[in-house]
Amino acid sequence: MSADDGAQVSDDAVRDDDVVHADAALSDSLEDSADRTLGESAVVREHLGEAYDDVAGFGELLREQGELRGLIGPREVSRLWERHLLNSAAVVPYLPETGTLVDIGSGAGLPGIVVAMMRLNLDVVLVEPMERRTTWLDEVVERFGLTNVDVRRGRAEEYHGAFEADVVTSRAVANLAKLARMSLPLLRRGGEMVVLKGRNVAQEIEPARKVLRSFKAGEPEILLGTTVEGVEPTTILRLRRG
Ligand SMILES: C[S@@+](CC[C@H](N)C(=O)[O-])C[C@H]1O[C@@H](n2cnc3c(N)ncnc32)[C@H](O)[C@@H]1O
């Protein structure tokens, strides 16, 4: 092989690399435009009703700043509506209209901010330990005038006994055993844990039995979180503190 051949091989490798990056960028941009179209569709507007403008505005802000501020991963920006906003909204039908809800590990505000926008008469407390994220949450609360939201920095465990919440929500925070230990002491007796989970949530129930018994929790229910046509429904786990 001549020196020229070597140069040719590495040129080809660079070109292959460029093609892979270009393909990924193209696929992200196609996904992004499909996601925006979904977000602007009549079916999503109807689904979110009066909360649509706020939820869409929150989504736009997350699209602009979410990756930059380390709130969501780079791949998530192009699927905000499908994977995050509508997924968060799927929990709302299982929530009361009034009372106190604590969302633990709110991160960028999912589902807590979306819930607060859709349930304006519910007092929503967002508990999140990372300062970068609580700063963001405070900014979102101010920008959208969410007078029903209280942002608290800290771990859920630090607030045990501080609330007698009607509901505790969470998404992508921990497995059920750990989550029950974190969430149940924040609830009043008879209050409910309502958790957005993956489709394999049933496998988390047996390992959590001991914790659930210690809180006299009822039998966990696995529910379908409905969303709009074309978006995968999500799984919700609900259980009641005894
Ligand atoms: C994977 S993120 C999920 C964020 C958001 N719920 C979502 O679905 O996009 C997990 C979040 O839980 C928070 N977290 C971790 N341990 C926690 C604890 N003990 N109490 C409250 N939040 C916690 C992390 O700081 C992080 O923001």
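The exercises below concern a predicted model.

**Exercise 1.** Determine which strands pair with strand E5 (residues 187–197), and in which direction they run.

*Solution.* Begin with strand E4 (residues 165–171): 6 bridges join E4 to E5, and the two run parallel. Within this pairing, Ser170 stands opposite Val195 of E5. Between E4 and E5 the chain passes through helix H7 (residues 176–183), and this β-α-β crossover is right-handed. Next, consider strand E7 (residues 234–240), which is joined to E5 by 6 bridges and runs antiparallel to E5. Here Glu192 is found opposite Arg240 of E7. As for burial, 8 of the 11 residues of E5 are buried.

**Exercise 2.** Explain why the buried residues of H7 line one face of the helix.

*Solution.* First, list the buried residues: Leu176, Leu179, Ala180, Met182 and Ser183. Seen down the axis of H7, these residues fall within an arc of 165°, so they line one face. An α-helix has 3.6 residues a turn, so residues three or four places apart point the same way. Finally, identify the cover: it includes E4, E5 and E7, along with strand E1 (99–104) and helix H8 (205–214).

**Exercise 3.** Classify Ala156 and Glu157 as buried, partly exposed or exposed.

*Solution.* The UniProt record, an unreviewed entry, places the feature "binding site" at positions including Ala156 and Glu157. Ala156 is in the loop between strand E3 (149–153) and E4, and Glu157 lies in the loop between E3 and E4. Being buried requires 20 or more C-beta neighbours within 10 Å. Ala156 has 25 inside 10 Å and therefore counts as buried. Glu157 has 13 and therefore counts as partly exposed. The contacts of Ala156 include Met182 and Ser183, which are among the buried residues of H7.

How values were computed
Residues numbered from 1 in each chain as written. Predicted model: local features only at pLDDT ≥ 70, side-chain atom pairs only at ≥ 80, totals over all residues. Buried ≥ 20, exposed ≤ 12 C-beta atoms within 10 Å, placed from the backbone. Helix = DSSP H or I, 4+ residues; strand = E, 2+ residues; numbered from the N terminus. Pairing = 2+ DSSP bridges. Right-handed = clockwise from strand over helix to strand, strands pointing away. Arc of directions from axis to C-beta. Contact = placed C-beta atoms within 7 Å. UniProt positions renumbered as here; feature names shortened; annotations may be inferred.
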